[in-house]
Amino acid sequence: MTENKLIAEVNGKKIYQSDVYDLMQGMQDSERFNSPEGFNVLADEVVNQELLLADAKEKKMEEEEDFVKELDLVHDNMLKNYAMHKILDQVEVSDDELRSYYEENKETLFSPITYTASHILVEDEKKANDILDEIKNGLDFKEAAKKYSIDPSGKNGGSLGTFPKGVMVKEFQEGLDSINAGEISKVVKSQFGYHIIKLDDKHEHKASFDEMKEQVKNTYQMIKRQENYLKVVNELSKKAEVKKYY
């Protein structure tokens with residue numbers, strides 16, 4: 001273990017290497033201080049902050065009204081967070097609860113579906129149907145996308161790559177789910193225009209409870225914690241005078 005070396009003293013207050021590293025960890029650009037020279041710069045800053053602290057105490061700044069208000073605000077925020085965590089930490093879930101939740105939700109939450117698809121996007125419905133007719137008559141889908149699509153994916157033959165269920169707009173998702181791998185959809189209207197969708201591949205991974213147990217626990221625990229939190233605050237609101245103007 002590296003020795004936590006004493007590097008300075010300010011009015012008898014000892015400053016160690018660890019104090020400098022603590023300051024470094026809280027900085028976004030800490031990498032630029034990863035050198036002996038950078039360490040010394042931060043060490044000087046730790047010393048400077050101790051000088052400011054000693055001066056503030058000597059001048060009794062902690063008694064100033066603005067500081068007291070700021071301290072009260074920090075105190076209240078910390079207490080709110082502490083109270084919230086105490087509520088959340090009360091939640092415990094059993095393996096039976098987890099298994100039951102998994103069985104009820106495995107088709108939607110724990111069986112990830114991914115699609116590999118391409119599309120052609122145009123602004124006019126008639127044009128979209130004309131393009132679809134061309135494709136049915138032999139025009140290659142990729143070539144049609146390069147020729148007609150106004151989407152940036154057009155230059156790549158309309159390819160959207162592989163993506164999970166739910167990331168596309170509702171109408172596009174419904175179009176995907178209406179066809180099988182290798183098929184091309186009817187014209188689909190969305191907020192972006194008119195799509196012709198080609199589903200290249202669809203993969204569904206059905207994971208067992210044991211494989212997904214940790215994810216099931218995290219999801220279910222989050223739900224139960226939220227329920228417990230709302231239950232507590234609803235009970236508290238009955239005992240308090242609350243006026244809302246929104």
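Before the first selection, a word on naming: helices (H or I, at least four residues) and strands (E, at least two) are DSSP runs, numbered from the N terminus. Also keep in mind that this is a predicted model.

**Stop 1: Ala-145.** Select Ala-145, and you land in helix H6. Is Ala-145 buried or exposed? Its relative accessibility is 0%, so Ala-145 counts as buried.

**Stop 2: Ser-153.** Move on to Ser-153, in the loop that runs between helix H6 (141-148) and strand E4 (159-164). Ser-153 is a loop residue, yet it counts as buried, with 8% relative accessibility. Which residues does Ser-153 contact, beyond those within four places in sequence? They are His-119, Gly-158, Ser-159 and Leu-160.

**Stop 3: helix H8.** Select residues 209-239, which is H8, a helix of 31 residues. From first C-alpha to last it reaches 42 Å, close to the 45 Å expected at 1.5 Å a residue. Where is the kink in H8 centred? Zoom in on Gln-215, where the helix bends by about 40°. Next, colour the buried residues of H8: Phe-209, Met-212, Val-216, Tyr-220, Gln-221 and Asn-228. The partners that the buried residues of H8 pack against are H3 and helix H4 (95-105).

Stop 4: Switch to a surface view and pick Phe-67, Val-68 and Leu-71, which make a nonpolar patch of about 240 Å². Phe-67 belongs to helix H3 (residues 65-89). Its relative accessible area is 38%, so Phe-67 is classed as partly exposed.

**Stop 5: two positive phi angles.** Finish with the backbone. Asn-11 has a phi near 50°, positive in a residue other than glycine. Look for Asn-11 in the loop between strand E1 (6-10) and strand E2 (13-16); it is exposed, at 72% relative accessible area. Then jump to Lys-60, in the loop between helix H2 (36-58) and H3. Lys-60 is not a glycine either, and its phi is positive at about 55°.

How values were computed:
Residues are numbered from 1 along each chain as its sequence is written. This is a predicted model: local features need pLDDT of at least 70, side-chain atom pairs count only at pLDDT 80 or more; totals for chains, interfaces and linings use all residues. Side-chain values use heavy atoms; hydrogens and water are left out. Patches are made of residues with over 30% relative accessible area and no salt bridge: like charges are joined within 9 Å, nonpolar side chains (Val, Leu, Ile, Met, Phe, Trp, Tyr) within 5 Å. Accessible areas come from the Shrake-Rupley method with a 1.4 Å probe; for residues, only the protein chains shown count as cover. A salt bridge is a side-chain nitrogen of Lys or Arg within 4 Å of a carboxyl oxygen of Asp or Glu. Buried means under 20% relative accessible area, exposed over 50%, partly exposed in between (1.4 Å probe, protein chains only). The expected span of a helix is 1.5 Å times one less than its number of residues. The bend at a residue is the angle between axes fitted to the seven residues ending there and the seven starting there. Contact means heavy atoms within 4.5 Å.
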